[in-house]
Amino acid sequence: MLVYFVTDEPAKLPAIRAMLEPQHAVVPWVLDGDGTGVRAHGVLMVDVDLRQMPRADQLRPILNELAAMPERLFVVPAHARSMIAQAYALGATAVISRAKEAMPKIAQIEFAEAAAESAASDPALEMDAGVAAFATMFSNVRHGRPLKVADAQRATTQIVKRVGQGGLSTWLDEVRRYHEGTFQHCLLVTGVAVAFALDVGFSSTDVSRLGMAATLHDIGKARIPLSILDKPGRLDPDEEEIIRRHPAIGHDLLKGMSGITPEILDGVRHHHEYLDGSGYPDGLKGGQISDLVRLLTISDIFAALVESRAYRPPMAREAAYEILRGMEGKLEGALVRAFRSVALGS
Ligand SMILES: [Fe+2]
Ligand SMILES: [Fe+2]
């Protein structure tokens with residue numbers, strides 16, 4: 001794999017080369033030095049002291065030139081936490097605290113790409129290809145490239161198949177391996193929603209419809225800064241306001257695309273609405289909220305509670321279900337009761 005290594009200190013190059021070569025080809029780009037011919041494939045790795053404003057200014061045009069790179073890894077020393085927000089503002093897709101951590105990260109990216117390529121010939125890799133299709137879709141939207149509905153369909157089909165065959169518990173265990181927050185969340189919500197739909201006896205068309213709505217429900221978050229999405233702990237009111245825009249952003253992204261049905265649009269826009277009218281963005285009430293959306297909302301809340309995040313352990317499924325039971329008036333009681341066997345895995 002090609003690794004474009006952008007740095008302000010040429011002295012860092014030999015160590016990076018020693019670590020990544022010969023498995024990967026390192027293409028250096030030193031600030032103040034000459035650039036390089038830009039190719040479309042590979043990973044961008046940036047190790048620049050962003051606390052120095054002129055450095056960030058020098059870096060910007062280089063990043064613009066390398067805008068086609070979907071993966072941008074920034075090295076931010078653990079003692080320089082103020083650089084993290086700066087890195088994300090410059091378009092980082094992941095931040096690592098030492099150059100050493102680049103190796104597993106690059107291997108992960110390479111694996112996802114290889115899985116997507118070889119899936120057609122190797123059915124054992126099918127699931128990873130579904131996950132990879134989902135990752136590609138999210139990354140495209142984050143970088144302002146067009147969203148392909150086929151990627152969402154591919155991911156959904158694989159999840160329906162996997163949950164149908166192996167059950168929800170296996171799926172939850174598998175998905176928790178993925179550390180990126182929104183990514184893990186969307187895969188979990190889809191697994192939970194599909195298990196719910198299968199449990200209540202939906203037709204296969206309806207299972208797929210709900211699955212697609214779940215796969216795409218938080219796609220609007222791809223346009224929310226990672227510094228807000230991945231912030232550990234509480235958001236301030238301004239950040240809260242920004243994150244609440246994601247259902248409308250997702251709806252606008254998907255509107256008018258072929259393969260996107262009105263039910264999917266409804267799910268994307270309204271999965272944060274509550275029966276008592278206290279939800280957002282449209283403050284819908286009772287009968288204005290469709291059955292598909294009601295199922296999606298329950299799946300979304302449950303998945304958010306049981307997902308594993310770096311800063312807190314996953315909640316037990318029993319405790320998560322109790323929280324849903326406590327949301328009487330907001331969620332449909334009969335549906336929450338129907339969800340019990342899915343939630344508890346019984
Ligand atoms: Fe959401
Ligand atoms: Fe969500």
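A residue counts as buried when its relative accessible area is under 20%, taken over protein chains only. In this predicted model, Asp-218 has a relative accessible area of 1% and is therefore buried. His-246, also with a relative accessible area of 1%, is buried by that cut-off.

Both residues belong to a metal site. The iron ion (ligand 1) is coordinated by Asp-218 through OD and by His-246, His-271 and His-272 through NE2, at 2.1 to 2.2 Å. Along the chain, these donors follow the spacing D-x27-H-x24-H-H. Asp-218 lies in the loop between helix H8 (204–216) and helix H9 (226–229), whereas His-246 is in helix H11 (residues 246–254); the two are 28 residues apart, and the pair links distant parts of the chain.

The geometry around the iron ion (ligand 1) is irregular, with angles of 84 to 173° among the four donor atoms.

Elsewhere in the chain is a sheet. This open sheet has five strands in the order S2-S1-S3-S4-S5, with parallel pairing. Strand S2 (25–30) and strand S5 (94–96) form the edges, each pairing on one side only. On average, neighbouring strands of the sheet are turned by 25° against each other, direction ignored. Within the sheet order, strand S3 (residues 43–47) and strand S4 (residues 72–75) run parallel and are joined by three bridges. Val-46 has Phe-74 in S4 as its bridge partner.

Terms used
Residues numbered from 1 in each chain as written. Chains lettered and ligands numbered in written order. Predicted model: local features only at pLDDT ≥ 70, side-chain atom pairs only at ≥ 80, totals over all residues. Heavy atoms only, no water. Donors = N, O, S within 2.8 Å, 3.2 Å for Na, K, Ca; no water. Tetrahedral: all angles 85-135°; square planar, octahedral: opposite > 155°, others 65-115°. Helix = DSSP H or I, 4+ residues; strand = E, 2+ residues; numbered from the N terminus. Buried < 20%, exposed > 50% of the residue type's maximum accessible area, 1.4 Å probe, protein only. Pairing = 2+ DSSP bridges. Axes fitted to C-alpha atoms, helices over the stretch in contact; angles between N-to-C directions.
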